[in-house]
Amino acid sequence: MLRALTPAAIRPPFAAYAHGTYVPAGAEWVLASGQLGIAPDETVPDDAEAQASICFASIDAILYEAGFSRADTVRINAFVTDRSHMAGYMAARDAWIAGLARPPASTLVIVSGFTREEFKVEVEVTAARVP
């Protein structure tokens, strides 16, 4: 069984995530490449929250393709190009994980940019499932 790790000996997480996730031996894995906020029709919204929502919709499609769901996510790595984009990203992330019984581990990093200037957010996930 997957288990969130939030040791009492360290400060609680800043937001809706776990400090770590325990994955037992024999689990099946999905590793999703970083997804950018570009829609299938090639449009890129200007808003960081809208870009992050597209990222998470793409991740849902990747997980579904493998027979997984967002509930199988054990780690989220996210990248934004400015602190001002953190709130929009966090709103999209919190909406995506809302209702999950176990929060995944999560990291957010501020980076100098992506391949195209209009991109503000990139999100990758790791998922695991115990058969």
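Phe 56, Tyr 89 and Trp 96 form one aromatic cluster, where rings of Phe, Tyr and Trp (its six-membered ring) are paired if their centres lie within 6.5 Å. In the whole structure, 2 aromatic pairs are found. The structure is a predicted model, in which local features need pLDDT of at least 70 and side-chain atom pairs count only at pLDDT 80 or more, whereas totals for chains, interfaces and linings use all residues. Residues are numbered from 1 along each chain as its sequence is written, and side-chain values use heavy atoms, with hydrogens and water left out.

Phe 56 in α1 and Tyr 89 and Trp 96 in α2 also belong to the contact between these helices (heavy atoms within 4.5 Å), in which Glu 49, Ala 52, Ser 53, Ile 59, Asp 60 and Leu 63 of α1 and Gly 88, Ala 91, Ala 92 and Arg 93 of α2 likewise take part. By class, this contact has 8 nonpolar, 2 polar and 3 charged residues. The axes of α1 (residues 48–65) and α2 (residues 86–97), as lines fitted to C-alpha atoms over the stretch in contact, come within 7 Å and cross at roughly 35°.

Two arginines lie over aromatic faces, with CZ of Arg within 6 Å of the ring centre and within 35 degrees of the ring normal: Arg 3 over Tyr 22, at 4.9 Å from the ring centre, and Arg 11 over Phe 14, at 4.1 Å.

The protein chain contains 2 helices (DSSP H or I, at least four residues) and 7 strands (E, at least two), and along the sequence these follow the pattern β-β-β-β-α-β-α-β-β.

Methods. Axes fitted to C-alpha atoms, helices over the stretch in contact; angles between N-to-C directions. Nonpolar A, V, L, I, M, F, W, Y, C, P; charged D, E, K, R; others polar. Phe/Tyr/Trp six-rings, centres within 6.5 Å; stacked < 30°, edge-to-face > 60°.
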